[in-house]
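Colleague: I would like to learn how to read a new structure, one feature at a time. Could you walk me through this one?

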Amino acid sequence: MKYTLFEETAKVLRVFAADSKEIPVKMPTNFITVNKDFFLKNPELLKSLIQCYKQNFGRSDVWGEGYKCLKCGRVLSLEYVQKYTKCNFCNGNKLKEIHSDKDLTERILHEADDKAFPRPFLLVHDPKNNKRLVGFMWGIVASLSQIQKEIVSMRYLDEQDIGNAVMHALEHALFTHGIDFQSKIFYVAEAGIDPEFRGAHHGGYMFYLSRGVLEYVYANGGAECILYWTNNLSSVLEWGRHSSFELIMEASGKPVLYYLLNKRPRDMLAIYQNLSLPELVDLYKMSSKEFKKQVHCIIRREVRIDI
Ligand SMILES: [Zn+2]
């Protein structure tokens, strides 16, 4: 797979890329890095993060993970449940919230306090309202076996069989790309922007979030690669392609799940450190047509499983 434009940029920028320890993290003022203490002292921001998370994953535009019908198992979006209040596919009226306040609170507090695997945890608030969070990204730098647990237990809590099947296919895809159990992987566990704040015209939050977590990863020993997941409806897929990620696996379903791998995270950080947001946007636009042409043949070649 050729990433001609970005590859060339990376070669040039590598020369200028200083050690990240020498480069202080320069984040816009509305970005914050957090830990568990921060959430305990600012419960209103934890609440806001949970709201932002639910909007990002619950709305129908991309993930639609609002509620699950306990009778037929269908996943329904937040908008659907607001409109119909029950499942019209089977007439079931017992709906379970997929990302509940209680589960998210427990999970976020646990992950922000994981001493064994400290995580880069970066949030962005609305520039006009510092009590409202509108974007988030966090992940873990670890080995494949640790990430395995993370993926199966976080994403497939109620469907361990599917989680194991996805994980086996993912391991295979990673091995064929030279990543094994010894590799140090930065796994982006969660990332999202409130639908109202997406796109470069809002300030390129995804760009700053990725740069922020990468600065953290490199200030703490670096990683050989970045592993990231998204779906076929998300605009983040486009961002991944532009940022030298390879699409290594597709898991069919609704929506289709994609796993992306970047084997040159240092170059990615160098590019982010050296280009301004408008320059980066121009670069993306120039390479966009080429990427679109390539995506279909990539999917056919790579590992594909049905879930
Ligand atoms: Zn149903």
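Colleague: Let me start with a pair of strands. How many residues lie between β5 and β6 in their hairpin?

Modeller: Two residues lie between β5 and β6 in that hairpin. Please keep in mind as we go that this is a predicted model. The two strands pair in the antiparallel sense, over six bridges. To follow the pairing by eye, find His 125, which stands opposite Leu 133 in β6.

Colleague: Which other strand pairs with β5, and in what sense?

Modeller: That is β1, residues 31–33, which pairs with β5 in the antiparallel sense over three bridges. Here you can look for Phe 31, with Val 124 of β5 opposite.

Colleague: And why is β5 described as largely enclosed?

Modeller: A residue counts as buried if 20 or more other C-beta atoms lie within 10 Å of its own. Five of the six residues of β5 (residues 121–126) are buried, so the strand is largely enclosed by the rest of the structure. There is a general idea to keep in mind when you look at any strand: in a regular one, the side chains alternate between the two faces of the sheet.

Colleague: Let me move along the sheet. Which way do β6 and β7 run relative to each other, parallel or antiparallel?

Modeller: β6 (residues 129–142) and β7 run antiparallel, and eight bridges join them.

Colleague: What about β7 and β8, parallel or antiparallel?

Modeller: β7 and β8 (residues 225–231) pair in the parallel sense, over four bridges. Val 188 has Tyr 228 of β8 as its bridge partner. β7 itself covers residues 185–193, and seven of its nine residues are buried, so this strand too is largely enclosed by the rest of the structure.

Colleague: Now for helices. How are two packed helices described?

Modeller: The general idea is to give the angle between their axes and the distance between the axes. Take α8 (residues 205–219) and α10 (residues 265–274): they pack at an angle of about 125 degrees, with their axes 10 Å apart. These two helices are therefore oblique to each other, and their crossing is left-handed.

Colleague: Which residues meet where α8 and α10 pack?

Modeller: From α8, they include Phe 207, Leu 214 and Tyr 218, and from α10, Met 268 and Leu 269 are among them. The residues of this contact divide into seven nonpolar, one polar and two charged.

Colleague: At what angle do α3 and α5 cross?

Modeller: α3 (residues 43–58) and α5 (residues 101–111) cross at roughly 115 degrees, and their axes come within 10 Å. The crossing is right-handed. Leu 46, Leu 49, Ile 50 and Tyr 53 of α3 make the contact with Asp 101, Leu 104, Thr 105 and Ile 108 of α5. By class, that gives six nonpolar, one polar and one charged.

Colleague: Is Asn 91 buried or exposed?

Modeller: Asn 91 counts as exposed, because it has 10 C-beta neighbours inside 10 Å. Thr 85 is exposed too, with 10 other C-beta atoms within 10 Å.

Methods
Residues are numbered from 1 along each chain as its sequence is written. This is a predicted model: local features need pLDDT of at least 70, side-chain atom pairs count only at pLDDT 80 or more; totals for chains, interfaces and linings use all residues. A residue is buried if 20 or more other C-beta atoms lie within 10 Å of its own, exposed if 12 or fewer, and partly exposed in between; C-beta atoms are placed from the backbone. Axes are lines fitted to C-alpha atoms, for helices over the stretch in contact, and angles run from 0 to 180 degrees between N-to-C directions. Angles under 35 degrees count as roughly parallel, over 145 as roughly antiparallel, 65 to 115 as roughly perpendicular and the rest as oblique. A crossing is left-handed if the near helix is turned anticlockwise from the far one by less than a right angle, and right-handed if clockwise. Two residues are in contact if their C-beta atoms, placed from the backbone, lie within 7 Å. Ala, Val, Leu, Ile, Met, Phe, Trp, Tyr, Cys and Pro count as nonpolar, Asp, Glu, Lys and Arg as charged, and the others, Gly among them, as polar. Two strands pair if DSSP finds at least two bridges between them.
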